[in-house]
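Reader: Before we discuss any assignment, please show me the model. I shall then ask on what grounds each label was given.

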Amino acid sequence: MNEIIQAIFQAIELIAEFDPKLIQITKLSLYISLTATLIGSLIAIPIGGIIYYYEFRGKRTIINLIQTLYSVPTVLVGLFLFLLISQQGPFGFLKLLFTPTGMIIGQILLILPLLIGFTITALVGVSTQIKELAISLGASTFQTIITIIKEARYAIMGAVILGFGRAISEVGVAILIGGNIRGFTRTFTTAISLETSRGNLVLSIALGFILLSLSLTINFLLNYLQGKD
């Protein structure tokens, strides 16, 4: 027990001293997850808007499928992408395996269903009168969708923040696609897993504290945005 307490205090010292290894892992983790969240949002929000706006056969089935993919294990997403971009895969020539770019693509695939589904849910919560008013004023389909998205902006921003939280805390894609290469693809989750297996509790705890702080910040922002709705 004393060793654990000592490790906790040493971990706090590492953070206070801005340990270079901690900084490097933190910067890389934030870069990969923020980039994936930004690109994923730019793809998912318009798709969610289109699915919400149009009525078509199979719409309910598509929404159910998207919602089912919310909880898909990250390791399955990593395996699927690994098969595509490995040397024997159809996209192996792109040399994306064991690179930050490959990890970003993996995280985008992981959070897309969540972002699309939560966007649809947010738009459903908007009063139909706003949609009808926009159409009656001569707004085009694109303008109407944008108007509805603006009305649900806080709920959509909450979905984006939730997507970032899912991305930065995942481990399956990070290991299978990134390879946990020191100084190149090593993120919070892979570093914690490796250092714990090595018995380096100080670094693991320090990384855990940073990741926990990010999680608390994400939760605070979600609660704040929900209060805005």
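Author: A term is needed at the outset: pLDDT is the predictor's confidence in each residue, on a scale from 0 to 100. The model is predicted, and the protein averages a pLDDT of 91, with 98% of the residues scoring at least 70.

Reader: Which elements have the lowest and the highest mean pLDDT?

Author: Helix α6, residues 128-136, has the lowest mean among the elements, at 83. Helix α5, residues 100-124, has the highest, at 96.

Reader: How many helices and strands does the protein have?

Author: There are 11 helices and zero strands. Read along the sequence, the pattern is α-α-α-α-α-α-α-α-α-α-α. The C-alpha trace spans about 70 × 45 × 25 Å along its principal axes.

Reader: What share of the residues is buried, and what share of the contacts joins residues 24 or more positions apart?

Author: Buried residues make up 42% of the 229 residues. Of the contacts with a separation of 6 or more, 76% are between residues 24 or more positions apart. The protein exposes about 12,700 Å², of which carbon and sulfur atoms supply 68%.

Reader: Why is Thr74 called buried?

Author: The label buried requires a relative accessible area under 20%. Thr74 has 15% relative accessibility, and therefore counts as buried. Thr74 lies in helix α4, residues 74-85. Leaving aside residues up to four places away in sequence, Thr74 touches Leu110, Arg166, Glu170, Val171, Gly172 and Val173.

Reader: Why are Arg198 and Glu195 separated by about one helical turn?

Author: The reason is that Arg198 and Glu195 are three residues apart in helix α10, residues 188-198. An α-helix has 3.6 residues a turn, so residues three or four places apart point the same way.

Reader: Which residues of α10 are buried, and what is found on either side of that helix?

Author: In α10, Phe188, Thr189, Thr190, Ala191 and Glu195 are buried. In the loop between α9 and α10 is Thr187, which is buried because its relative accessible area is 7%. Thr187 touches Ile25, Ser29, Ile32, Met103 and Ala174, not counting residues up to four places away in sequence. Just after α10, Gly199 takes a positive phi of about 85°.

Reader: What makes the phi values of Phe18 and Lys95 worth noting?

Author: Phi of Phe18 is near 55°, a positive value in a residue other than glycine. Lys95 likewise has a phi near 55° and is not glycine. Phe18 lies in the loop between α1 and α2, and Lys95 in the loop between α4 and α5. Exposed means over 50% relative accessible area; Phe18, with 61%, is therefore exposed, and Lys95, with 63%, is exposed as well.

Reader: How far apart are Ile45 and Ile156 in sequence and in space?

Author: Ile45 and Ile156 are 111 residues apart in sequence and 8.0 Å apart in space, C-alpha to C-alpha. Ile45 is found in helix α2, residues 20-53. Ile156 is one of the residues that Ile45 touches, together with Thr119, Ile149 and Val160, not counting residues up to four places away in sequence.

Definitions and conventions:
Residues numbered from 1 in each chain as written. Predicted model: local features only at pLDDT ≥ 70, side-chain atom pairs only at ≥ 80, totals over all residues. Heavy atoms only, no water. Helix = DSSP H or I, 4+ residues; strand = E, 2+ residues; numbered from the N terminus. Buried < 20%, exposed > 50% of the residue type's maximum accessible area, 1.4 Å probe, protein only. Contact = heavy atoms within 4.5 Å. Areas by Shrake-Rupley, 256 points an atom, 1.4 Å probe, with all protein chains shown as cover.
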